[in-house]
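Please read it with the sequence and the model open side by side.

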Amino acid sequence: MKTFKISISVIVFAILISSCKDWLDVTPPSQIREEDQFNSVEGFQQALIGCYIAMTDEMLYGRALSWSTIELMAGQFEPLQPSTYGNDYNISIYNYKSTTAIKYIDGIWSKGYNVIANVNNALKYIDLNKKMLDNVNYSIIKGELLAIRAFMHFDLMRLYGYGNIVARTDIAAKVAIPYVTVLGKDMTQQLSYAQTINLIIKDLEDAIELLEIDPVTQNQPASFYSEINIDGFYNNRQHRFNYYAVNLLLARVYMWEGSSASISKALQLANLVIANAESRGLVSWATSTSVSEDVIMKSEHLLSLNIQNLISKTADYFKLEIVDASDIKAQYVSSDRLLSIYEVTSVGSTDYRFSKQFIQNSAIVGGKNAYTPLKYFGVASTAVTKNYVPLIRIPEAYYIAAECYVRQSVPDVQSALDLLNFVRQKRGIVAQLEGLSAENVMNEIVKEYKKEFYCEGVMFFLYKRLGIKTIPNYNGEAGDNIYVLPYPDTEIQMGREQ
Amino acid sequence: MNNFIKHGHLRLLLVVCCLSLSGGLSGAIQQERITLDLRDVPITQFFKEIEKQTPFRFFYKNSQVENLSNITIVVQDKTLSSVLEQVFEQSNLNYEITGNQIVIIQKESNQNKERVITGVVVDKNSMPLAGVAVVIPGTTKGVTTDENGKFSIVIPTEKYNRIGFRMIGMKDLEITLDNRKFYEVIMEESSLQLSDVIVTGIVDRKAENFTGSASTISSKDLVRVGNRNVLESLKNIDPSIYFIDNFSQGSNPNALPQMQIRGTSSFPSDQSSTGITLKGNYGNIPNMPLFILDGFESTVERIMDMDMNRVERVTILKDASAKALYGSKAANGVIVIETKKLLGDQQRVTYTGSMDISMPDLTSYNLANAEEKLEIERIEGVYSYPDNLEEQLKANKLYNERKKLIKEGLDTYWLSKPLRVGVGTKHNINIELGDSKSLKGIADFTYNKINGVMKDSYRRNISGSVNLSYRYKNILFRNIMTAVSNFSQESPWGTFGDYVKMNPYWRSNDPETGLLLRWAEPSTFTPNPMYDATIGTLNTSSYLDFTDNFYVETRLSKYIKAILRMGVSAKRSGADEFLPANHSKFSTSSYINNEELKMKRGSYRLDNGKSSDVSGDLNVSYTRNLDKHFVFVNIGTFASESSYSAYVNVAEGFPNNQAADITFARQYAEGSKPLGLSSLNREISFLGTANYSYDNKYLLDATYRISASSLYGKDNRWAPGWSIGLGWNIHRESFLKDSNIFEQLKLRASVGVTGNQNFNTSYAVGTYNYFTDYNYDGFTGAFLSNLPNSGLKWEQKKDYNLGIDVSVKGILQLKADYYDSYTKNLVADVSVSPSTGFSIVKDNLGLVRNRGYEINANVNIWQRGQNFVNVYGSVASNKNTIKELSESMKAYNALQEKAAADRANNKPVLKYVDGMPMQAIWVVQSLGIDPMNGYEVYVKRDGSRTYIYDPLDLVVGGNQEPKVRGHFGLSAEYKGLGFSTTFRYLAGGQLYNQTLVDRVENIDINYNVDRRVLLGRWQTPGQNALFKRLGTFQYEGDPLARQEKTRATSRFVQDRNELTWGSATIYYEFPKKILDRLSIQRMRFSVYMNDILVISSIKTERGLNYPFARTASCSLSITF
């Protein structure tokens, strides 16, 4: 009896004590713990997709950094109505201290770093749980994650950091935005601009190496992916960071850095994209007929974000019936200005970027009807290309290459013009550019950027990179006062240096 | 020589013994006179001769007499006793007289020789008791009983004729030895003497050996101060439990009380982070103590809803030595509740019924009447449109209309409209089934309906419980099963605040027909809140709670006892909130004018939740008494799993009022989706506790408990808790032993660390969530929903305690404690650099100190038998100080200052600053209202004056925590008639008079205001006003002019000294004479009054959404 009792208690004890470690690893049903999330290929894929979805936030590329706020900051549209509540007015006039502007200043920063936090946690687990992934999934997912991290940091640095850094030697000593690679509550130390750019480059180079296995490179036969891609996760590569998009992004980074060494690296990368992106079938040029259906020129996207219900999100901003006083969000361009941008009276009359990507609206500016961009507004609701916001398009490769040619120590004007003429011809401009000075080629490049990237969040960064002192709608001299967004107050309070 | 003296002593003792034994018959022996002439006869002949002459009969065994030599006795008219004495003097025999029997017994040996006494110790149910210490008083010798309760002890010499028996939970017992060799000793349980045992919920401890600070409250004490529920009674008993005033919910029977023991040590939890407010009691609230019911963790709701008659006693464990048994959960103190033990010797049926009356207490309201209100409006310019003639004419018309009605006598007293005198009833039947030897039980059934003072608000509990115990050999099984069905209804009349704000010149009923009006003022479309109550508005919640606790107790060996406990509880809860289409919420013009919105009128919110707990523990204890050493060791292991989930659905669009079912909804509420929360927590822990005492004088307690919870990150999963306690029973020292003054004089000191884990989810690890309404090219995305903090530690509280227990025989009982505790690793939302990707993280920060003292005294002024007069009183004080704060808290404060800078903010903000208390009231120092312009004059930090409110000038204007609080009272009983009354007091604290500032300055002039607006507000230059003029402001870019609110200013910090007449009770215990005739065992009639009167130095509106109430109750208890 006694031994029986003792043995019973021993058993009970043993049951209670044994494997208590596993027993404690539980999660409530409404929660997925990180360890469980990164326990399967699907988990990693979901986390990656989650990063792209986070990028489609209204504060990021879902609105502010693509077709709205940042375009207003580049003076792309008629000035907004003042003294109204809750629109982008204050930020569009660079009144960065106002609460409505702070909404964006804090919002873009925190949403941007939130994407980075998601990336960093996935990156942590992708190496911890490498054994759960095959090589293709591991390489491509990790490559994309690295690219997103670099991309977000790069854009945050372009917004909250100084521009035209190659021309400004004083910048080198300053610290840039923190380059965060670890998820945690501790603040990441700020590094100098050079160091920060090197980290961006490093991530992108790593991404490029990992993405060699990307189906778009066609380094492997299609059958190589058939099993891994059974659910189509690696279809539609232009909706996520693919090999060529990352290459061109790296070229963009080198351009921002701007030193002559960087220029030659950028040229190399741009040329690689020019040589392969089209020939390997990733992109194809739009035509004047295709653009009627595909206003956003989806076929040219090296990278675009899939944004659900984009049309309903843009509806308040782009419209035909504009009532000046009450349309506090309306984004449109005056007729005179648009005609001059597209040089309609000279070479641009056949430029379908003017004729098919804009439409006259009811607003009267200077006695004429103004124009509304059609890129998002005009996409037929049935079109497959609706709901996409481009982040990188193929013309940029040509413009980067062209700029590199003219900025080489020995400018190669002809190569630059060839590239520009190639794109102009694709857009329906018959007249060829000829015999221009390097400086004039540069001017033409800026003009082409303007024509090409309406509503794509490109111009603000171009002006800033080139240190252009006059920008539309702004009477003063454009400098750091408008080009550099202040850090959020909380960051400053915690000791960040800008 | 020495031997001789001993001898003599012994003989004397024997004689005394015999005399006392013969007791009442000694007279007979003395009276019987005898004449004998016997020579050389056997002693049996002598017996026969005596039996002839007297009525006495001899009883003896032949063996006792057969070897005796013959005797010779010649006496003339001598008393029987002297004759017997003479005969037995030379023999080895003696005698005892019982009735008319003279029993011959063996005379005890006069030699100094050892003898062996054996016996068995049993309880009153004849169950053998093992591990009982058997001692010989005056020696260091002792043994313990084996598992069959048997013992064998060697008595060294004749000198020792008593043996003592001691066991925890049993009354000490001493018996006098006679010449028997075998004794059956029955020990009684000491549970009736509450003060002797400290019930910790895990192991019972003898109070005398306990070094912790704990107060034990008997059911008698609980019933003395109230009959509503355990918590309500505790309010009037122990000041160390501080019930936080619920100014918003007042005396709402459905509001759960919040309490804390020995100060605040956690930051308020941030419920808003989940964005979901759930109905029903799921997660725990920081700062709340841990509730243990019959050894199992419980919730405050369960305690509130349990029938008070079931409670045997409540023990509050306060210091580390007492609460370290609960390790990582005990930081906020532990309240151990034990239900009635089975007495098991009688069958009894007890009925207790009571009728409870609640009456609203509106003394704190000071609202304007119709005339005053209209005048205030006129002064404030409600009817003045100097620039707009058309509007002015409209306003004039409105003013005149209202004025006319007032002249006609309209002055609606809205406050009384939703109120009533709530009459509730309670019935309880308790059946004790227990005269079987091994199976005993109590069955209990209660119906309790508490009617609140708001019309139709009530809480109804129906509960039943069965408590069974069965003993098989030396295994005791016990099972307590409880089921509670609760239904609570919030008043369909809405919140009390809706009535407080109604203008008295509005109408509730039609003056002619008396019917309820849809609109209180038809011309302004002001809905009548009373109308909502008539159209089927519903706001109810209910739950069904089932608990089963199972205990097995057995003795593994002589010294080792094992207790296995397993408990399961499950709760299903639900809540319904239905607002019909006609509800005033949908009476705004937008609902009426918009066809689309019109279809959406009517809403239904349905909550569903369930929770379950399974827990088990095994404790093995070892008790040993060796000479003067007493050792007690207990080791235990615990495991538990608790989970809950709750879901909320909201639907809209209800065609008519009768359709009070969610299935009649037109659709889910626009933009809503099913919401829910769930939690799953597993925990495992190991406990070791040891107690050593030397001669009951010097006491040592040590406890160590280590727990792991699935809530915490792998890095910090295990949390230890420990304590060491020392005690000195001074009254046991020889220098006090002989003095009869002190029954108890004990010094206690303890130190230890315990933890707190009242946090909802796992903040330590990252958790992922899905973008449920979003896909990317058809693929689902997941995102990190919180910033993980793997270094998150358990909150730890280190307590030091110094205490003294004094008990002066029959006069005074005093218990005083001084404590000093440090809580570190407080868990709070800490702002982090947004570059981390998140704005807040749950992190440990800072150190908070709580120190104070508690003194409880009870003086027995007069006692004669059952009749007595007692006075009692207590004082408690706690001082809270923030000792250290991490850097990140500064960012939190900055955010708070930002909130304070908002001109529409009307409340003090919470700031945490080193050296300041957590309950500090942060305000800007004010000099009052400038008589010239009506603006408030503030004092800047540098002492200069300004009109501008700057959050940087915030200073500590007061402390919400009272400096002292306590209670005092009196209880008395005379011939079954008893009286008891208790007062509570608090003093030395401050309060920000939020209701005053909201009712006189931050007013919405369209609704009723405090009367003081009329006289106290600044109106004209030169006026010395208490209350400032109002201003407006605009947010940047916002065209709307908004009313500027009075932000936290020292003007509204007021001293709070309060005296509450908490309870008064009169009871009558019917005398046995009357009851015997009715074949009733016991009958008691009581009348209670609670919260009778509040006298406060601060005049503030209490009970904003639900008024406070005074309650009275009469109760009758009959036992058959």
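1. The structure under review is a predicted model. Local features are discussed here only where pLDDT is at least 70, and side-chain atom pairs only at pLDDT 80 or more.

2. Extent of the contact. Chain A contributes 72 residues to the contact and chain B contributes 63 residues. The area buried between the two chains is about 5,800 Å², and carbon and sulfur atoms supply 61% of that area. On the side of chain A, the residues that lose the most area to chain B are Trp23(A), Leu24(A) and Lys185(A), which together account for 12% of what that side buries.

3. Polar and charged links. Between chain A and chain B there are 20 residue pairs in polar contact, both residues being at pLDDT 80 or more. The count of salt bridges between the chains is one. That salt bridge joins the side chains of Lys185(A) and Asp843(B), with an N to O distance of 3.2 Å. Lys185(A) therefore deserves attention on two counts, since a nitrogen within 4 Å of a carboxyl oxygen meets the criterion for a salt bridge, and Lys185(A) is also among the residues of chain A that lose the most area to chain B.

4. Elements of chain A at the contact. Which elements supply at least two residues each to the side of chain A that touches chain B? Among them are helix H1 (2-17), helix H4 (41-55), helix H7 (99-128), strand E2 (301-306) and helix H21 (489-493). H7(A) gives the most, with 10 residues. By class, this side of chain A has 32 nonpolar, 26 polar and 14 charged residues.

5. Strand E1 (32-33) of chain A is another element that supplies at least two residues to the contact. E1(A) pairs with strand E38 (residues 767-776) of chain B in the antiparallel sense, over two bridges. Within this pairing, Arg33(A) has Thr767(B) as its bridge partner.

6. Strand E40 of chain B and its neighbours. Strand E40 (residues 795-808) of chain B is mostly covered, with 10 of its 14 residues buried. It runs antiparallel to strand E37 (residues 742-756) of chain B, to which 14 bridges join it; in this pairing Gly755(B) stands opposite Gln796(B). E40(B) is also joined by 13 bridges to strand E41 (residues 812-831) of chain B, again antiparallel, and here Ile804(B) is partnered by Ala816(B). E40(B) and E41(B) form a hairpin with three residues between them, and Gly810(B) in the turn has a positive phi of about 70 degrees.

7. Strand E22 of chain B. Strand E22 (residues 348-361) of chain B pairs antiparallel with strand E23 (residues 422-433) of chain B over 11 bridges, where Ser358(B) stands opposite Gly422(B). A further 12 bridges join E22(B) to strand E55 (residues 1108-1119) of chain B, also antiparallel. The partner of Met359(B) in E55(B) is Arg1110(B).

8. Ile217(B). Is this residue of chain B, with a relative accessible area of 3%, buried or exposed? Ile217(B) is buried, because its 3% falls under the 20% cut-off. Ile217(B) lies in strand E15 (residues 214-218) of chain B. Leaving aside neighbours within four places in sequence, its contacts include Leu222(B), Leu234(B), Ile237(B), Arg313(B) and Ile316(B).

Key: Residues are numbered from 1 along each chain as its sequence is written. Chains are lettered from A and ligands numbered from 1 in the order in which they are written. Side-chain values use heavy atoms; hydrogens and water are left out. Contact means heavy atoms within 4.5 Å. Buried area is the accessible area (1.4 Å probe) that two parts lose on being put together, summed over both. A polar contact is a pair of N or O atoms within 3.5 Å; within protein, one must be able to donate a hydrogen and the other to accept it, and residues adjacent in sequence count only if both atoms are side-chain atoms. Helices (H or I, at least four residues) and strands (E, at least two) are DSSP runs, numbered from the N terminus. Ala, Val, Leu, Ile, Met, Phe, Trp, Tyr, Cys and Pro count as nonpolar, Asp, Glu, Lys and Arg as charged, and the others, Gly among them, as polar. Two strands pair if DSSP finds at least two bridges between them. Buried means under 20% relative accessible area, exposed over 50%, partly exposed in between (1.4 Å probe, protein chains only).
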